[in-house]
Every structure is written in structure tokens, then in C-alpha cells.
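Open the structure in your viewer and keep the selection tool ready. The stops below can be followed in order.

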Amino acid sequence: MVYFVRAKSYFRYATDILNELKTEKNQEAIIKKAQEVFKLGLKAVWAISQVTPPEKPPTLEEILNSTLPSFEGFSNRVLEIKKQLFEKSVSPEEAKALAEEFLKIVETVLSPIL
């Protein structure tokens, strides 16, 4: 059950940052917060499969690769959102929209425990 609590906590943190993101004015901060929403959302999905936390924190790529099967039906979109947020230059408005879309996907995946 601890892993459910951890997953809910990561999801709540991501939601809190998304709410902050909506009122943020600094363009660089908007993109960084959108990236943080993505990371925390991934960690929320990852946490449901981790009974005990690993000894060393996994990288973003390790988390992404281990959680992709959980995003059944959304995995291609998740990869595209990650690419846009981390590898391409996006506008602050696009970053906000991508973060919000990703969190909705995470909410769908986690709906049985939320």
C-alpha cells in the first residue's frame, strides 16, 4: 500500500505545480515547471510498480522505459510530449498545454487508485 501513497503524492505534487504553472509569468520558469510536471507524473505511474524504492534514483529515461507499458494506448503520445518538452524548443503556452495534457493521461492511468 505504501506504493499507492507514493503514487498519489507524486500526482498531487504534479497537480500543484501545474496549478502554479497557470499563473507563472516567467517564460523559462514555465518550461521548467512543465518539465517538472512531466517528471512527477511519470514518477507517479512508476511508483505503483515499485514496492520498495530503489537504492539509487533512476534516470528519467529509465522511468520512462519502465512505465511505457502502463500508458497503454497513450505511449506514443507520451513519447511525443516528452520529446517536445525536453528536446525541442516550445513556447510557454505550448509547454502549459503539454503539461496539462500529460497530467490528464496520468490521471487516466492512475484512476483506479486516485
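This is a predicted model: local features need pLDDT of at least 70, side-chain atom pairs count only at pLDDT 80 or more; totals for chains, interfaces and linings use all residues.

**Stop 1: helix H5**

Select residues 92-110, which form helix H5. H5 has 19 residues and reaches 27 Å from its first C-alpha to its last, close to the 27 Å expected at 1.5 Å a residue. Now colour the buried residues of H5: Pro92, Ala95, Lys96, Leu98, Ala99, Phe102, Leu103, Ile105, Val106, Val109 and Leu110.

**Stop 2: helix H2 beside H5**

Two packed helices are described by the angle between their axes and the distance between the axes. Angles under 35 degrees count as roughly parallel, so H2 is roughly parallel to H5. The crossing of H2 past H5 is left-handed.

Show side chains at the contact. From H2, pick Gln27, Ile30, Ile31, Ala34, Val37, Phe38, Gly41, Leu42, Ala44 and Val45. From H5, pick Pro92, Ala95, Lys96, Ala99, Phe102, Leu103, Val106, Val109 and Leu110. Sorted by class, the contact of H2 with H5 has 16 nonpolar, 2 polar and 1 charged residues.

**Stop 3: phenylalanine 4**

Move to phenylalanine 4, in helix H1 (residues 2-23). Is phenylalanine 4 buried, exposed or partly exposed? Its relative accessible area is 27%, so phenylalanine 4 is partly exposed. Beyond its neighbours within four places in sequence, phenylalanine 4 is in contact with Ile48 and Ile113.

Finally, draw a distance from the C-alpha of phenylalanine 4 to that of leucine 42: the two are 38 residues apart along the chain and separated by 14 Å.

Terms used:
Residues are numbered from 1 along each chain as its sequence is written. Side-chain values use heavy atoms; hydrogens and water are left out. Axes are lines fitted to C-alpha atoms, for helices over the stretch in contact, and angles run from 0 to 180 degrees between N-to-C directions. Helices (H or I, at least four residues) and strands (E, at least two) are DSSP runs, numbered from the N terminus. Angles under 35 degrees count as roughly parallel, over 145 as roughly antiparallel, 65 to 115 as roughly perpendicular and the rest as oblique. A crossing is left-handed if the near helix is turned anticlockwise from the far one by less than a right angle, and right-handed if clockwise. Contact means heavy atoms within 4.5 Å. Ala, Val, Leu, Ile, Met, Phe, Trp, Tyr, Cys and Pro count as nonpolar, Asp, Glu, Lys and Arg as charged, and the others, Gly among them, as polar. The expected span of a helix is 1.5 Å times one less than its number of residues. Buried means under 20% relative accessible area, exposed over 50%, partly exposed in between (1.4 Å probe, protein chains only).
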